[in-house]
Amino acid sequence: MARSRTRLTLLETALLLSLTALVLAIFVPSFARRLRTNKIEEASALLAELSRATAAYYAAHPTGCLPPAAGPAPHEPTPQPRDLTFSAAETPGQVTWSALGFEPARPVRFSYEYLPSESGCGLREAEAPISIVFRARGDLDGDGVLSTFERHARIEQGRFTPAEALRVDRRTE
């Protein structure tokens, strides 16, 4: 009667360990990159949303209005996402966030700011260009070093023009 062989030889074990190490060497960095990209995507998407909300607010007022600066909200960014109601009374800039209709539908890990160079109404007639900075700051890995993401917009001769580029400082800290 033939006995079935259930043990691995030393060569088979070495081959199995080599293949496992190769798979881990390829997929672990890719997975880590994907996690970081997902964290960065929050800032990019919400800053674009904030820019669109500001453009809509400006367009909805015949004389061209912008609400006052707001943020940072939340006051301190966190490595882990947390729920925040931007329209809550204790949120810095609550009146502005409400006016713009900016209320992220998901937990946030970044701290958001809206910074116009001028606010109020009658801005369609402004002679000097008006700049608006939309900023997100976050501590992506919990080391206390913040990454900063910014979108800019400009109002010149009554036209609201968002910048296409996302400016980043310390993308991966």
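This is a predicted model: local features need pLDDT of at least 70, side-chain atom pairs count only at pLDDT 80 or more; totals for chains, interfaces and linings use all residues.

Student: Okay. How many helices and strands does the chain have?

Tutor: Two helices and six strands. Reading from the N terminus, the order is α-β-α-β-β-β-β-β.

Student: And what share of the residues is buried?

Tutor: Of the 173 residues in the chain, 34% are buried. The accessible surface is about 10,700 Å², and carbon and sulfur atoms account for 56% of that.

Student: What about contacts, how far apart in sequence are the partners?

Tutor: Take the contacts between residues at least 6 apart in sequence: 61% of those join residues at least 24 apart.

Student: Let's do the strands. Is S4 enclosed or open?

Tutor: S4 covers residues 147-156, and eight of its 10 residues are buried, so the strand is largely enclosed by the rest of the structure.

Student: Which strands does S4 pair with?

Tutor: One partner is S3, residues 130-138, which runs antiparallel to S4 over nine bridges. In that pairing, Ile130 sits opposite Ile155 of S4. S6, residues 167-169, is also antiparallel to S4, with three bridges. There, Phe149 faces Val168 of S6. And S5, residues 159-162, pairs with S4 in the antiparallel sense through four bridges.

Student: Who's the bridge partner of Glu156 in S5?

Tutor: That's Arg159.

Student: How many residues sit between S4 and S5?

Tutor: Two, and the strands make a hairpin around them. Gln157 is in that turn.

Student: Is Gln157 buried or exposed?

Tutor: Exposed, with a relative accessibility of 77%. The cut-off for calling a residue exposed is over 50%.

Student: New topic: which peptide bonds are cis?

Tutor: Among them is the one joining Gly71 and Pro72, where omega is about 0°. Pro72 belongs to strand S1, residues 70-73. A cis bond also joins Ala73 and Pro74, with omega about -10°. Pro74 is in the loop that runs between S1 and helix H2 (94-100). For background, most peptide bonds are trans.

Student: How many disulfides are there?

Tutor: One. The bond is between Cys65 and Cys121, with the sulfurs 2.0 Å apart. The link is right-handed, at 115° about the S-S bond.

Student: Which parts does that pair tie together?

Tutor: Cys65 is in the loop between helix H1 (10-60) and S1, while Cys121 is in the loop between strand S2 (111-116) and S3, so the pair ties together parts that are 56 residues apart in sequence.

Student: Are those two cysteines buried or exposed?

Tutor: One of each. Cys65 counts as buried at 2% relative accessibility, whereas Cys121 is exposed at 56%.

Student: What about the aromatics, how many pairs are there?

Tutor: Nine aromatic pairs in the structure. One of them is Trp97 with Phe102, a tilted pair with 5.4 Å centre to centre and 40° between the planes.

Student: Why does that pair count as tilted?

Tutor: Because planes under 30 degrees apart count as stacked and those over 60 as edge-to-face, with the rest called tilted. The angle for Trp97 and Phe102 is 40°.

Student: Are Trp97 and Phe102 buried or exposed?

Tutor: Trp97 is buried, with a relative accessible area of 0%. Phe102 is buried too, at 1%.

Student: Which residues do the ring pairs link into a cluster?

Tutor: Phe86, Trp97, Phe102, Phe110, Tyr112 and Phe149.

Student: Last one: which residue lies over the face of Tyr58?

Tutor: Arg124 does, at 4.5 Å from the ring centre.

Student: Great, thanks. Where should I look for the enclosed strand again?

Tutor: Go to residues 147-156, which make up S4.

Key:
Residues are numbered from 1 along each chain as its sequence is written. Side-chain values use heavy atoms; hydrogens and water are left out. Buried means under 20% relative accessible area, exposed over 50%, partly exposed in between (1.4 Å probe, protein chains only). Two strands pair if DSSP finds at least two bridges between them. Rings of Phe, Tyr and Trp (its six-membered ring) pair if their centres lie within 6.5 Å; planes under 30 degrees apart count as stacked, over 60 as edge-to-face and the rest as tilted. A charge sits over a ring if NZ of Lys or CZ of Arg is within 6 Å of the ring centre and within 35 degrees of the ring normal. Contact means heavy atoms within 4.5 Å. Accessible areas come from the Shrake-Rupley method with a 1.4 Å probe; for residues, only the protein chains shown count as cover. A disulfide is a pair of cysteine sulfur atoms within 2.5 Å.
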